[in-house]
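Below is a walk through a two-chain model, taking the interface before the confidence scores. Keep the structure open while reading.

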Amino acid sequence: MTDLRTAPSEVADPVEQIGADPVLRATRSLRPPLPAGAAFVVGVGLLGLLLLATLLAPLLVPTDPLLQDLTKIALAPGADPAHPLGTDQVGRDMLSRLLHGGRLPMTIGALSVLVGGALGSLLGVVAGYAGGVVDTVLSRLADAQLALPTILVAITLLTFAGRSTSNLVVVIALGGWPTFFRVCRSQVLSTRERAFVAAAVAMGASRTRIVLTHLLPAVRGLVVVTATLDFSRALLVASGLTYLGLGVQPPHPDWGLMVAEGQTYLASAWWIATLPGVGIILAVFATNLIGDALIDRARR
Amino acid sequence: MTTYLLRRIGSSLIALWLVLTLVFFALHLAGDPVRLMLDPSASEETVAAFRESLGYDAPLVVQYLRFLGSVATFSFPDSLRFRVPASDVVLEKVGPTAELAVTAIIIAVAVALLVGYLGAQARRGWVRALVTWPVSVLQAFPTFYLGVVLALVVGVQLGWLPTGGSGTPAHLVLPALTLALALVPAIARTLRASTVRVAGEDFVRTARARGLRRSEVVGRHILPNALLPVITVIGLELGTVLGGSIVLEKVFSWPGLGQLMITSVVNRDYPVVLASVTFLAVVFIVLNLLVDVAYGLIDPRIRIGARGRV
C-alpha cells in the first residue's frame, strides 16, 4: 500500500492527487450540499467573525475572564443582564471566557499550520526535485511519521519535554508536515517534467533558482488548500490536548479546558461545558467550508 | 507477495525504531528524568541511589540499547505509584480499551454502511441532503465534545444511560457510540465513493441484465466489492480510534489505557507513561501492518501493483 501511494507513476492532476491519495482524502471533509461560491463566502465570513471576536476579546468584553464573583455562581444564560451567557462554577463571566478562550486555540492552530506547512512543503519540493536517495529517505520519514498517531507523539513530548504552548505547536506541526510533503512532492514530480523547467535548465539556471522561481510557485495554490484543511485538524487536536490537561493550565480560559472543567457540573449547569464547544465547532466547520470550496474551485 | 510483505515490514520497523528513539530522547534530553520523578526536595543521596536503581547512571548509548532491549522483553521499571512493574499496570488496562475500540468499529461500519449506501443510492436531492448535512456537521465536532453532549442529552437529561464508570454493558454504550460516530464520516465517504464506482462496473450491468432482483444485485454484487476499501479506511483511521478512545476514557471515566496514561502524566509516574506509550505504538504499528497485508491478500492488484510499478 505504502509503495502504491508514493509511486512516482501515480502523478496526476494535483487536485486529483488529493482525491487519489487515501491519506490526503481522509483529511478532506464530506461537504454539505452547498454551491462552492456560497460555501466559500459563508466559511470566510464565519471564520473572520470568530477570529475578530476572539482576537479583539479584551476590547469587546471588558469583563476580566478570571474575575470571580462568588455571589453569582452558575447563573444560567439570560438570568442576569450583566452576564448575557451566564457565569461558571466560580462566578466568572461566560461570554468573556468564551471569547478569550478562543485566542489560544486559534493562535496555536495558525502557528502549527505555518510551521508544519513550511517544513513539509520545503521538504516535499526538495524530495520531488532531487529524487534518488534524498527522496527515498524523506518519503520513508514521512511515512513513518504518518504511522505514528499524533496523540502518542503528543503525550511523549508534552510529558517529558514539558507542557508548554510552544511544545504544543511543535507536536501539532509534526502531525501535519507529511500531508504538505506528499502534496508538494507529487506536484513537483509532474512539474519538473514540464518544458519551462527544461528551458530553465538549458539556460543554465541553478538548482536553487529552479526550486525558488519555478517549483515553489507551482505548489503555492495546493499549499494554501492543504493549509486550510490542516487548520481544522490543528484546531481539533489542540482542543483535544487541552481537554486532556496536556495544554494550557487553569485558570486560563481555553475552549478545551473549559469543557473539561465544566463537565463536573453537567447535571446542574449544562452551559459551562457545552458553550465552549460551540466555538470549536463553528471554527472547524467554517474552515472545512473554505477548504472544500477551494478544492472545488481548483478543480474547475 | 513476499517482496511486498518484506517491504511493508521494513517500513513498519523504521516507524517503530523512530518512535522508540523519540521516546528515549524526549525522556533523556529534555531534562534529568530522575529529578523529574522524585520530589524536588529529595537529598543528593536519594537522587543518586534512585538513579543507580533505574540504571540511569550508565552512558547514554548503553541506556539506549538497554531501553530497546527492555521494549523487546516489555520490562519497564516499577510504577512509582503502584509499586509493581509498569508493564503489569499497563497490561491490566488493555482489556477495557480493546473492548471499547472493537465495539466502536463494529457500530461505525454498520452506521456508515447505511449512511454511505443511502448517500450513493439517493437520487432525490433531499435524501442526500438529509444524509450529508448531519455528517458534515458531525465532522466539525471534537470527539471529546461529542461525548460530553451525548452524556448531557442521553445520560443527564433523558437518564437512559450512565454517564461514566464501568461494570455493566450499559456503561459501554455511550463511549462506544461516541467513538463510532467519530469514525462514521471517513468510512461513509469511502463507502459512498466505492459504491458509486462498483455500481458502474460491467459485472453489475450483467447481473441486472440476467434479471436479478435489485436486492440481489446490491447484496451479492455491489456491496461485497464496495466494502473492500473500507478495510483500508479502518487502517488509516486507527489513529482516530486510538486518540478518540484516550479522550473518551476521560469523558466517561472508562478505566482503560487512556485513563491510566493521562493520570500517570499528571502524577509524574513516568515508567507507566513510558510503558503505555511504547505498548500502544507497537500495537498501532502492528495493526496497521496487518491491515495492509490483509488488503494485499484480498485484492491481488495491490501486491502485483507494488511489484510491477515501482
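**The interface and its confidence**

The contact between the chains draws on 50 residues of chain A and 61 residues of chain B; two residues are in contact if their C-beta atoms, placed from the backbone, lie within 7 Å. On the side of chain A that touches chain B, at least two residues each come from helix 1, helix 3 (22–27), helix 8 (132–147), helix 9 (150–160), helix 12 (207–243) and helix 14 (271–299) of chain A. Helices are DSSP runs of H or I, at least four residues, numbered from the N terminus. Helix 9 of chain A contributes the most to this side, with nine residues. By type, this side of chain A has 32 nonpolar, 14 polar and four charged residues. Here Ala, Val, Leu, Ile, Met, Phe, Trp, Tyr, Cys and Pro count as nonpolar, Asp, Glu, Lys and Arg as charged, and the others, Gly among them, as polar.

This is a predicted model, in which local features need pLDDT of at least 70 and side-chain atom pairs count only at pLDDT 80 or more, while totals for chains, interfaces and linings use all residues. Residues are numbered from 1 along each chain as its sequence is written, and chains are lettered from A and ligands numbered from 1 in the order in which they are written.

The model scores ipTM 0.81 and pTM 0.83. For chain A the average pLDDT (the predictor's confidence in each residue, from 0 to 100) is 83, with 87% of the residues at 70 or above. Confidence in chain A is lowest in helix 1 (residues 2–6), at a mean of 34, and highest in helix 7 (residues 103–130), at 94.
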